[in-house]
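Trainee: Can you walk me through this model? I'd like to start with the strands and then move on to the helices.

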Amino acid sequence: MDSTPAVSKSQAYTIVELRELMRAGGLRVPQFQRSFRWEAKDVRDLLDSILRGYPIGSLLLWQRPAPPERLTIGALRVDAPERQDALWVVDGQQRVTSLVNAVDPEGAQDPRFLLGYSLRHHEIVSGRRLDDPLVVPLPDLFDFGRALGWLASNPDAAKYAEHIQDVTGRLNRFTVPATVMTQADEKVLREVFDRINSRGEPLSAAEIFNALHGEPDAGRTTADIALSVDAQTRFGQLGEQVIIQALFVRRHPDITRDVHDEFSDSRRRVSDFPDEDEEQAYESTERALVAAVRFLQEHCGIPHLTFLPFRFQLLVLVRFFALFPTPHERNLELLTRWFWRTSTGADKLGISGSQTDLRAWAGRVVCSESASVQQLLDAARLPDAPQVPDLSVFRTTRSSSKMILAALWDRQPIDPETGEGLTRDALAEALEGETTPRAIVTDLVIPSALPNNAAVAAAKLISLRDRQDLLALLTPASDLTSLLLDKAMLDCLQHNDVDGFLSLRKDAMHRYLTDFLVVRTAWGQEDTPPLTDFVFDGDDAGGAS
């Protein structure tokens with residue numbers, strides 16, 4: 001074990017100094033660190049703690065060179081020059097970002113950092129309480145010159161002038177303790193990082209992996225990959241945890257391994273890609289993700305990540321396309337069957353979407369393309385014909401409801417105003433930032449008007465319009481079949497015959513889903529591999545000699 005101690009020193013920074021460092025590009029919040037997660041309440045509590053004299057913890061900073069770059073720190077945009085002595089935030093990002101933005105006139109325009117100080121109640125406030133004329137915006141309170149200007153504009157607060165001066169002084173005198181490490185390599189920082197994050201709110205595996213393996217001047221991060229995959233596919237922005245799992249699973253099926261040693265010699269020896277470096281791993285992961293997503297969209301009919309029944313399905317496909325980037329058309333057809341069999345037969349197959357599921361299914365993707373597909377299909381063998389999901393339950397977080405939506409999307413639903421089918425781009429725009437497909441689901445019957453034990457799913461369809469707008473536009477001349485409607489159903493809706501409508505559409509939906517799932521799972525068909533896999537020797541193929 002290396003006994004050479006790391007060099008560190010204790011420092012203390014006022015809020016002014018932190019803001020000046022940030023504005024000058026001397027304090028960096030690397031993209032490979034965790035993204036800003038605090039809400040307005042967290043920021044408010046931090047500033048309130050400062051004014052009450054409560055401790056807020058210390059920072060851990062890593063002094064090292066930094067390239068010129070355009071920084072986004074909370075709501076602030078900084079054109080940072082190259083620095084040889086930049087301080088990279090290893091621990092304390094949420095606090096630094098909150099402090100700097102909350103006291104900055106530009107940063108405080110963001111609702112997360114919009115705070116004020118109540119002269120009536122002597123506390124930091126946010127939200128509607130900011131409308132009180134005796135609330136001083138925090139950037140004005142922080143700067144004595146701005147505080148005087150605010151007082152001049154608010155003469156009713158003149159009696160609080162001495163108190164304002166006192167609070168302004170407290171904010172400006174407050175210092176944040178910090179440890180600055182100046183001669184530490186990644187191994188040392190890794191150990192310090194782990195020890196810090198073994199207490200308090202733990203970081204996710206993705207955050208730790210990025211913090212350990214990312215470099216401040218790297219051209220690619222997990223966040224970059226997520227943005228790039230979305231830009232290329234309009235599938236929605238995958239979470240950084242999914243990106244890390246994709247990187248792991250393409251290299252080896254066991255994603256529960258230690259994030260620290262992913263590119264060590266011992267890990268390389270058991271990886272399916274032993275010769276690649278970190279940069280190559282990131283690039284290859286992005287390519288495999290794009291291939292897997294396009295397969296889901298073009299072959300499986302899953303237009304957006306919010307329609308995906310289980311995350312493990314995407315990750316298994318990432319591993320497959322990483323190992324076999326140009327698979328045989330027959331194997332693509334068979335993979336589609338696997339996807340729909342694992343979706344519709346999840347309960348019978350014991351699938352919950354856990355990491356155990358991912359490890360087991362990914363482990364079936366081996367060195368042979370067709371053998372991998374056959375192993376996946378063998379494990380997804382359904383004992384009975386696929387069953388239609390329970391139509392009395394519909395929640396957009398459920399895998400069964402997502403299957404229903406995917407089936408409805410397969411009908412190419414139209415916008416009744418234009419008569420044109422909805423596009424993936426339009427869907428992606430409507431679902432931007434969403435974690436479920438709820439934003440594109442329209443209720444044909446007001447939920448409160450549904451009778452007990454009704455087929456709730458029968459009242460749903462895919463539309464970018466609300467119920468009132470949609471019903472006003474639908475006519476018998478509309479392409480009702482694309483919405484799994486007909487003239488009789490439309491007549492029931494227009495005459496407020498809820499029971500009649502639900503009965504008709506439930507029957508139509510049950511028939512359609514039955515046929516859809518039988519076709520998608522290829523129930524009862526042979527799962528033979530590509531004919532090119534069968535090699536016949538001419539001497540053994542029969543015929544006269």
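**Strands, helices and cores**

Mentor: Strand 3 is mostly covered, with 4 of its 5 residues buried. Buried means under 20% relative accessible area, exposed over 50%, and partly exposed in between (1.4 Å probe, protein chains only). Helices (H or I, at least four residues) and strands (E, at least two) are DSSP runs, numbered from the N terminus.

Trainee: Before we go on, what kind of model is this?

Mentor: This is a predicted model, where local features need pLDDT of at least 70 and side-chain atom pairs count only at pLDDT 80 or more, while totals for chains, interfaces and linings use all residues. Residues are numbered from 1 along each chain as its sequence is written, and side-chain values use heavy atoms, with hydrogens and water left out.

Trainee: OK. Which strand pairs with strand 3 in the parallel sense?

Mentor: Strand 10 (residues 175–181) does, over 4 bridges. Two strands pair if DSSP finds at least two bridges between them. L59 has A178 in strand 10 as its bridge partner.

Trainee: And how does strand 3 run against strand 6?

Mentor: Strand 3 (residues 59–63) and strand 6 run antiparallel and are joined by 4 bridges. L60 is bridged to D91 in strand 6, and Q63 to L87.

Trainee: Is strand 6 enclosed or open?

Mentor: 5 of the 5 residues of strand 6 (residues 87–91) are buried, so strand 6 is largely enclosed by the rest of the structure. Strand 2 (residues 27–28) also joins strand 6, through 2 bridges, and these two run parallel. There, R28 stands opposite W88.

Trainee: How many bridges join strand 7 to strand 8?

Mentor: There are 3 bridges between strand 7 (residues 116–118) and strand 8. G116 is opposite V125 in strand 8.

Trainee: Now helix 13. How many of its residues are buried?

Mentor: 11 of the 13 residues of helix 13 are buried, including F312, L314, R319 and F321. Helix 13 (residues 311–323) reaches 19 Å from its first C-alpha to its last, close to the 18 Å expected at 1.5 Å a residue. The expected span is 1.5 Å times one less than the number of residues.

Trainee: What covers it?

Mentor: The cover for the buried residues of helix 13 includes helix 10 (240–251), helix 12, helix 14 (329–344), helix 16 (355–362) and helix 17 (369–379). From helix 12 (residues 278–298), take A288. A288 counts as buried because its relative accessibility is 4%. Leaving aside neighbours within four places in sequence, A288 is in contact with V318, F321 and A322.

Trainee: And helix 16, which residues are buried there?

Mentor: D357, L358, W361 and A362. Seen down the axis of helix 16, the buried residues fall within an arc of 115° (taken from the directions from the helix axis to the C-beta atoms), so they line one face of the helix. They pack against helix 10, helix 13, helix 14 and helix 17.

Trainee: Last topic: how many residues has the largest nonpolar core?

Mentor: It has 100 residues, and I302, F307, L314 and W338 have the most contacts inside it. A nonpolar core is a set of buried Ala, Val, Leu, Ile, Met, Phe, Trp, Tyr and Cys residues joined through side-chain atoms within 4.5 Å.

Technical notes. Contact = heavy atoms within 4.5 Å.
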